[in-house]
Amino acid sequence: MNHTKAPFRYDIVGSFLRPAALMKMREAYAAGNAAAEELRQAEDAAIRDLVAKEKEVGLRAVTDGEFRRRYWHLDFLAALGGVEEIGAAHWSVAFKGAQPKAATVKITDKVDFGAHPFLEHFRFLNGLAGDALAKMTIPSPSMLHLICCVRATDYAPIPRYENEDALFEDIALAYQKAIRAFYEAGCRYLQLDDTSWGEFCDPEKRAAYEARGFDLDRIERAYVAMINRALEAKPADMTITMHICRGNFRSTWFSSGGYEPVAEVLFGGCRIDGFFLEYDSDRAGGFAPLDFIRDQRVVLGLVTSKSGMLEKREDIVARIHEAAKHVPLDQLCLSPQCGFSSTEEGNILTEQEQWNKLRFIKEIAESVWK
């Protein structure tokens, strides 16, 4: 338990269930019955309370729960230069159950990072963190390309991006600016959330994309190169991790498959500091792909955030030691498999069950890494 740099032995992915009062205020604001300032004050109050609870449960890194967002990714992407949120007839991927409110983003001009509202969101969180480390979560660079250029069936590049390499470069440079801006705002723990790799692990999705003419091996290499290009801006005392997810909305999912198809290019080639990996169900496969991990920390998402039921402690401990056959135990950590509320609707469990999960993770970590 003695290492002091993120990710920590027991850690979190980022999002938390929105409290009822905040949900009510967001509904009022969306209906035009509350002012933006009223919503901001409600968000501030909810985040203050959340951070206090995160500290109380013993977390060494705290987030704002993504309480100011509707979606884990679109709010950030739509505020980039050259990107616009647009309406959609349906969600860009189909979950195995309930579906989120349909929306997507479109590239309309040069992709860039400027006066982004998330910077002020981080500053507010950082002012509350105290002795804890303020952790910021944003979508990975891959997500902008995936949503606009791969999932979309009607993508037509603007003239600047008829050469796709120019798009990859502009996204990487925009993220370089983002990394520098968050660092200057005081951020030392940044996470890139990414569902593209979960999709590329799914045999059915791979077949569907390939049938549309996509060379996924080429795209995977391009994504790793783009992320590494963005990471060139990372200062030495900043930790940047990646969370890989197979979908998380109202306790359901949209991808299934082990890490084998992406392990060598991603684990072996991406210069990220750590991976938060979903491992709470057999949909994630086994631990053998971790053989490609180099010196990155691996945060094992063995405890599900999709249900309030606690797993068996002995099963989690056994799986940690099973993973340690592929990655040294000292490089491993433990967390929930995902956030508790990737969209404002949240997963199907109670706030008390959410906190019970984190206490459970902390207790296990303290018993494994003494």
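Which residue forms a salt bridge with E363? The partner is R313, and the closest N and O atoms are 3.4 Å apart. E363 sits in helix 12 (residues 351-368) and R313 in helix 11, 50 residues apart, so the pair links distant parts of the chain.

This is a predicted model: local features need pLDDT of at least 70, side-chain atom pairs count only at pLDDT 80 or more, and totals for chains, interfaces and linings use all residues. Residues are numbered from 1 along each chain as its sequence is written, and side-chain values use heavy atoms, with hydrogens and water left out.

A salt bridge here is a side-chain nitrogen of Lys or Arg within 4 Å of a carboxyl oxygen of Asp or Glu. By this rule there are 27 salt bridges. Helices (H or I, at least four residues) and strands (E, at least two) are DSSP runs, numbered from the N terminus.

| Pair | N to O distance |
|---|---|
| D330 and R9 | 2.6 Å |
| K177 and D112 | 2.9 Å |

D330 lies in the loop between helix 11 (313-323) and strand 9 (332-336), and R9 in the segment before helix 1 (20-30), so this pair ties together parts 321 residues apart in sequence. Buried means under 20% relative accessible area, exposed over 50%, partly exposed in between (1.4 Å probe, protein chains only). D330 is exposed at 53%. R9 is buried at 3%.

K177 belongs to helix 6 (residues 164-184) and D112 to strand 3 (residues 103-112). K177 is partly exposed at 38%. D112 is partly exposed at 24%.

A network of salt bridges links R26, E37, R40, E43, D44, R68 and E344.
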